[in-house]
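Biologist: Please take a close look at one part of this model for me. I would like the charged side chains and their partners.

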Amino acid sequence: MENISKYYEYKGILAAALGRNELSVKMFNYSLKIKESSSLRRRLADLSIGGESSVERLIRESKSKVLLNKAKDFVDQGK
């Protein structure tokens, strides 16, 4: 499953590089649906917000999940 997930992640990167934002969002979402990836979430969270609503929504969701994971790690270290 990880290889399939990576395939769609790379297809999303290629689509984004070609300026096909809607397709890139679909590919990233499909990749994350197959297998949740903290590295992809971090990469998406590093993007600046702006542009199409679906792109913006995916970036915001990724930023939220990255922050939640950081908070969970911080709490876990305190125990």
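Which side chain meets Glu 9 in a salt bridge? Please follow the contacts on from there.

Modeller: A caution to begin with: this is a predicted model. The side chain of Lys 6 meets that of Glu 9 in a salt bridge, at 3.4 Å from N to O. Both residues sit in helix 1, which spans residues 2–17. They are three residues apart there, so about one helical turn separates them. Their accessibilities fall in separate classes. Glu 9 has 1% relative accessibility, so it counts as buried, the cut-off being under 20%. Lys 6 has 27% and counts as partly exposed.

Glu 9 also forms a salt bridge with Arg 43. Here the closest N and O atoms are 2.5 Å apart. This contact runs between helices: Glu 9 lies in helix 1, and Arg 43 lies in helix 3, residues 38–45. The pair therefore ties together parts that are 34 residues apart in sequence. Arg 43 has a relative accessible area of 40%, so it is partly exposed.

Now a pair elsewhere in the chain. Asp 76 and Lys 72 meet through their side chains in a salt bridge, 2.9 Å from N to O. Both lie in helix 4, residues 53–78. Asp 76 is partly exposed, at 39% relative accessibility.

Back to the shared partners: salt bridges join Lys 6, Glu 9 and Arg 43 into one network. The model's count comes to five salt bridges. Among them are Glu 9 with Lys 6, Glu 9 with Arg 43, and Asp 76 with Lys 72.

Definitions and conventions:
Residues numbered from 1 in each chain as written. Predicted model: local features only at pLDDT ≥ 70, side-chain atom pairs only at ≥ 80, totals over all residues. Heavy atoms only, no water. Salt bridge = Lys/Arg side-chain N within 4 Å of Asp/Glu carboxyl O. Helix = DSSP H or I, 4+ residues; strand = E, 2+ residues; numbered from the N terminus. Buried < 20%, exposed > 50% of the residue type's maximum accessible area, 1.4 Å probe, protein only.
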